[in-house]
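The sequence and the structure are shown first.

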Amino acid sequence: MHRYIARANVDHYIALLNGDDLTPDRRSAITKMLISEEDGLGHDLEQLEFFEHRAAAGRKRLEDVTHLRDGFAFGTPERGRAEELLVNIENLQTLLEDACHRLRRKINARGL
């Protein structure tokens, strides 16, 4: 049951961090909660698969937001908001990719 709740929390935090309506302080707090949940999930292949799936979805989201941003003219408010969203998505993607790398290292260190 703990893993189910932790995974639901991870998905909830990712959804919040994908938005563009968070203050920097709130974004930082949610990021810390995401990292805490990640650390508590364990370090096995099942968790690696979970985070790799989230990272793959994040790469797709990053691509989509990049295309959205590129559709707006330079200097417009819409492009500015899209650029801010893109930075947030890039930061989240870095967290997800780092989680995958950490899990892979831990799994490889103890052997399969």
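A crossing of two helices is called left-handed if the near helix is turned anticlockwise from the far one by less than a right angle, and right-handed if it is turned clockwise. With this convention, α1 passes α2 in a left-handed crossing. The model under discussion is a predicted one.

**Overall architecture**

The protein chain holds 4 helices and 0 strands, and its elements follow the order α-α-α-α from the N terminus. Along the principal axes, the C-alpha atoms occupy a box of roughly 50 × 25 × 20 Å. The chain has 112 residues, of which 35% count as buried. Among contacts with a separation of 6 or more, 71% join residues 24 or more positions apart.

**Helix pairs**

Two packed helices are described by the angle between their axes and the distance between the axes.

| Helix pair | Angle between axes | Distance between axes |
|---|---|---|
| α1 and α2 | about 150° | 9 Å |
| α3 and α4 | roughly 160° | within 9 Å |
| α1 and α3 | roughly 20° | within 12 Å |

Helix α1 covers residues 2–17 and helix α2 covers residues 24–40. Angles over 145 degrees count as roughly antiparallel, and α1 and α2 are therefore roughly antiparallel to each other. On the α1 side, the contact is made by His2, Ala6, Asn9, Val10, Tyr13, Ile14, Leu16 and Leu17, which meet Arg27, Ile30, Thr31, Met33, Leu34, Glu37 and Gly40 of α2. By class, the residues of this contact of α1 with α2 comprise 9 nonpolar, 4 polar and 2 charged.

The pair formed by α3 and α4 is likewise placed in the roughly antiparallel class because of its crossing angle. Here α3 passes α4 in a left-handed crossing. The contact of α3 with α4 involves 15 nonpolar, 4 polar and 11 charged residues.

Arg3, Arg7, Val10, Asp11 and Ile14 of α1 meet Glu46, Gln47, Phe50, Phe51 and Arg54 of α3. This contact of α1 with α3 is made up of 4 nonpolar, 1 polar and 5 charged residues.

**Nonpolar core**

The largest nonpolar core contains 19 residues, and those touching the most other members are Val10, Leu34 and Phe51. At least two residues of this core come from each of α1, α2, α3 (45–70) and α4 (77–110). Helix α4 provides the largest share, with 6 residues.

Val10 takes part in the contact of α1 with α2 and in that of α1 with α3. Leu34, on the α2 side of the contact with α1, touches Val10, Tyr13, Ile14, Leu17, Leu92 and Leu95, when residues up to four places away in sequence are not counted. Phe51 belongs to the α3 residues that meet α1.

**Selected residues**

Asn18 is located in the loop between α1 and α2. Residues under 20% relative accessible area count as buried; Asn18 has 19% relative accessibility and therefore falls in the buried class. Apart from neighbours within four places in sequence, Asn18 is in contact with Arg61, Leu85, Ile89 and Leu92. Leu92 is also among the residues touched by Leu34.

Asn91 is part of helix α4. Its relative accessibility is 46%, so Asn91 counts as partly exposed. Asn91 and Leu17 are 74 residues apart along the chain, while their C-alpha atoms are separated by 9.1 Å. Leu17 itself is one of the α1 residues that meet α2.

Asp64 lies in helix α3. With a relative accessible area of 37%, Asp64 is partly exposed. The C-alpha atoms of Asp64 and Leu86 are separated by 9.5 Å, the two residues being 22 positions apart along the chain.

Technical notes: Residues are numbered from 1 along each chain as its sequence is written. This is a predicted model: local features need pLDDT of at least 70, side-chain atom pairs count only at pLDDT 80 or more; totals for chains, interfaces and linings use all residues. Side-chain values use heavy atoms; hydrogens and water are left out. Axes are lines fitted to C-alpha atoms, for helices over the stretch in contact, and angles run from 0 to 180 degrees between N-to-C directions. Angles under 35 degrees count as roughly parallel, over 145 as roughly antiparallel, 65 to 115 as roughly perpendicular and the rest as oblique. Contact means heavy atoms within 4.5 Å. Ala, Val, Leu, Ile, Met, Phe, Trp, Tyr, Cys and Pro count as nonpolar, Asp, Glu, Lys and Arg as charged, and the others, Gly among them, as polar. A nonpolar core is a set of buried Ala, Val, Leu, Ile, Met, Phe, Trp, Tyr and Cys residues joined through side-chain atoms within 4.5 Å. Buried means under 20% relative accessible area, exposed over 50%, partly exposed in between (1.4 Å probe, protein chains only).
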